[in-house]
Amino acid sequence: MNAPTTPTGRTTASSIIQSRIRDIQEAARGVTKQYPRSYILQCIKEDRFPDELWRELGKFGLLGLSIPEEHGGSGGGVLEITALNEALALAGVPTLFLVVTGLARVPIVRHGTKEQIARYVTPTCTGEKKMCFAITEPNAGTNSFAMTTLATRNADGGWTLNGQKVFISGARDADYMQVVARTAKAGEVAHRTDGMSLFVLDMKTPGIKLQQLNIQVETAERQYMVFFDNVQLPADAVIGEPGKGAKLMFEGLNSERLLAAGAALGLGDYALGKAVAYSKDRKPFGKPIGGYQSLQHRMALAKAELEAARLMTYDAADRFDNGEDAGAHANMAKLLASRAAVAAIEATLQVHGGYGFDRDYDVVTLWPMTRLLEIAPINNEMLMNYIGEHVLGLPKSY
């Protein structure tokens, strides 16, 4: 059935989506006014998690977005939490923890028991508990199916977890970690997606060791190598059916793509705002440099690309929330948003010239995280491989 249309020809469905986005972003502004960019920079300097900001987001129900009210959440879907992530980045306070929390909760809400949801998801809606996500391994990299982290069943029905993960954002500050592990080795299964399982573990469990990585990205969350040495997990630590976790994993990863896209859009517009303001004020030859077409066109193109990526992102989020197969659209959204954000920060650096590399101008400080979004979560080359194979029907390229 076609959506009813307004007199202007725009669908009411589109208008409703825009209204939902505006409501979330208006609520977020109430928090980011209290905890602006200067606050997050101080947290980064002090190497501490932005607890005050996080608690305030929980207080206003924003951390509960995408979680049904019966589970202690605020309702809505991935669209709303993506809008929140964009709003935070637009204020200069992006948080990777919202990305990993958002993706980790999806499979639990969809496939977990009531007890698992109450234990692991509900407390994250208030900020009382935090959850990170672990999938990438040093040797497997993007090929998650080749992971070697292994969970073996114990005689009492519990599990023993061994292996290691890398690039795990916020592991130090998390109360829980969702881990993708094999319950059957890669060489022992008929199909590479078989034998994969999702577990949630308490970070206080003995046998977990963290090693901080020297990653130079301007975020309050640090990245870690995580080692699991005979970590004992209860039987109910597994989400869904053991060995059938690949589908659950991809449900979470599709939402992760959209949350990352939201962060990219916000960062891109935040950087572009700095470029516009500076280019109006800077007059080395007597007139604002923003009037020079070489700079103006670069900023204009970046803005156009951000808006196009924004349309794709929220269309994909709406598809996801309506139960459609949103994999291709989520991949396209993350691809386009990350590229647009990099174009925006590159334009901002160019506009600022040498001052762009002065940390006091807070421009070069935006570049690492923005550029990271072309690499993680999932590098853009793999996204294009997916589009080529699954959308265009081309031969597999790797």
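This note goes through helix packing and aromatic pairs in a predicted model.

1. Basis. In this predicted model, local features need pLDDT of at least 70 and side-chain atom pairs count only at pLDDT 80 or more, while totals for chains, interfaces and linings use all residues. Residues are numbered from 1 along each chain as its sequence is written, and side-chain values use heavy atoms, with hydrogens and water left out.

2. Aromatic pairs. The structure contains nine aromatic pairs (rings of Phe, Tyr and Trp, the last by its six-membered ring, with centres within 6.5 Å; planes under 30 degrees apart are stacked, over 60 edge-to-face, the rest tilted). Phe49, Trp54 and Phe97 are joined into a cluster by ring pairs.

3. Tyr120 and Tyr176. The ring centres of Tyr120 and Tyr176 are 5.0 Å apart and the planes stand at 85 degrees, so this pair is edge-to-face. Tyr120 belongs to helix 6 and Tyr176 to strand 4, 56 residues apart (helices, H or I of at least four residues, and strands, E of at least two, are DSSP runs numbered from the N terminus). Tyr120 is buried at 2% relative accessibility, and Tyr176 is buried at 8% (buried is under 20% relative accessible area, exposed over 50%, partly exposed in between, with a 1.4 Å probe and protein chains only).

4. Phe145 and Phe250. This pair is tilted, with 6.1 Å between centres and 50 degrees between planes. Phe145 lies in the loop between strand 1 and strand 2 and Phe250 in helix 7, so the pair ties together parts 105 residues apart in sequence. Phe145 is buried at 12%, whereas Phe250 is partly exposed at 33%.
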